Amino acid sequence: MARILVAATTGASLTQVDRFTKRHGLTSLVVQRPGRCPLQVPVTGRIEGRPWRDHVDFNESAALMRHLGTAAAIICLYFTGKRPQENGAESYVMQHSAGSKYE
């Protein structure tokens with residue numbers, strides 16, 4: 001049960017949603033009849049002129065945010081030149097060069 005989505009949509013607290021779910025046996029109904037939880041947000045991203053998907057589902061939003069964060073980090077690291085391998089190599093050269101104060 002997407003209890004966070006239900007709470008956010010209805011304005012109820014998580015405790016209220018949990019009590020209602022338990023009182024009316026909704027957990028067993030959700031198991032018997034699982035469904036989608038489409039978020040009411042527009043999909044603006046496009047691939048070859050078409051939306052990349054019809055909707056974003058609440059149950060996949062955490063994974064999509066993780067992917068977005070990873071993609072953003074890769075882009076930032078690429079454009080700033082802060083690649084871990086290069087920084088490690090630079091430190092090694094600085095520490096082991098002739099006459100280095102780091103030796």
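The model shown is predicted; local features need pLDDT of at least 70, side-chain atom pairs count only at pLDDT 80 or more, and totals for chains, interfaces and linings use all residues. Residues are numbered from 1 along each chain as its sequence is written, and side-chain values use heavy atoms, with hydrogens and water left out.

**View 1. Overall arrangement of the protein.** The protein contains five helices and two strands, where helices (H or I, at least four residues) and strands (E, at least two) are DSSP runs numbered from the N terminus. Read from the N terminus, the order of elements is α-α-α-β-β-α-α. Of the 103 residues, 13% count as buried. The accessible surface comes to about 8700 Å², and 60% of this area belongs to carbon and sulfur atoms; such areas come from the Shrake-Rupley method with a 1.4 Å probe, and for residues only the protein chains shown count as cover.

**View 2. Glu48 between the two strands.** Glu48 is found in the loop between E1 and strand E2 (50-51). Is Glu48 buried or exposed? Glu48 counts as exposed because its relative accessibility is 73%. Although Glu48 is not a glycine, its phi is positive, at about 50°.

View 3. Pro38 lies in the loop between helix H3 (26-32) and strand E1 (46-47). Its relative accessibility is 38%, so Pro38 counts as partly exposed. Leaving aside neighbours within four places in sequence, Pro38 is in contact (heavy atoms within 4.5 Å) with His55, Val56 and Asp57. The C-alpha atoms of Pro38 and His55 are separated by 6.1 Å, while the two residues are 17 residues apart along the chain.

View 4. Gly35 lies in the loop between H3 and E1 and, at 53% relative accessibility, counts as exposed. The C-alpha atoms of Gly35 and Met1, 34 residues apart along the chain, are separated by 9.5 Å. Both residues line the largest pocket, together with Ala2, Val6, Val30, Arg33, Pro34, Arg36, Cys37 and Asn59. On a 1 Å grid over the protein atoms alone, a pocket is an open set of points where a 1.4 Å probe fits, with protein on both sides within 12 Å along at least five of seven lines, and lining residues have an atom within 4 Å of a point. The volume of the largest pocket is about 190 Å³; grid points are joined across faces, edges and corners, and a volume is the space filled by probe spheres set on the points. The lining has six nonpolar, two polar and two charged residues, where Ala, Val, Leu, Ile, Met, Phe, Trp, Tyr, Cys and Pro count as nonpolar, Asp, Glu, Lys and Arg as charged, and the others, Gly among them, as polar.

View 5. The 20 residues of helix H4 (residues 61-80) should span 28 Å at 1.5 Å a residue, and the end C-alpha atoms are 28 Å apart, which agrees; the expected span is 1.5 Å times one less than the number of residues. H4 is followed by Gly81, whose phi is positive, near 75°. The second largest pocket holds about 150 Å³ of space and is lined by Ser61, Leu64, Met65, His67 and Leu68.

Terms used
Buried means under 20% relative accessible area, exposed over 50%, partly exposed in between (1.4 Å probe, protein chains only).
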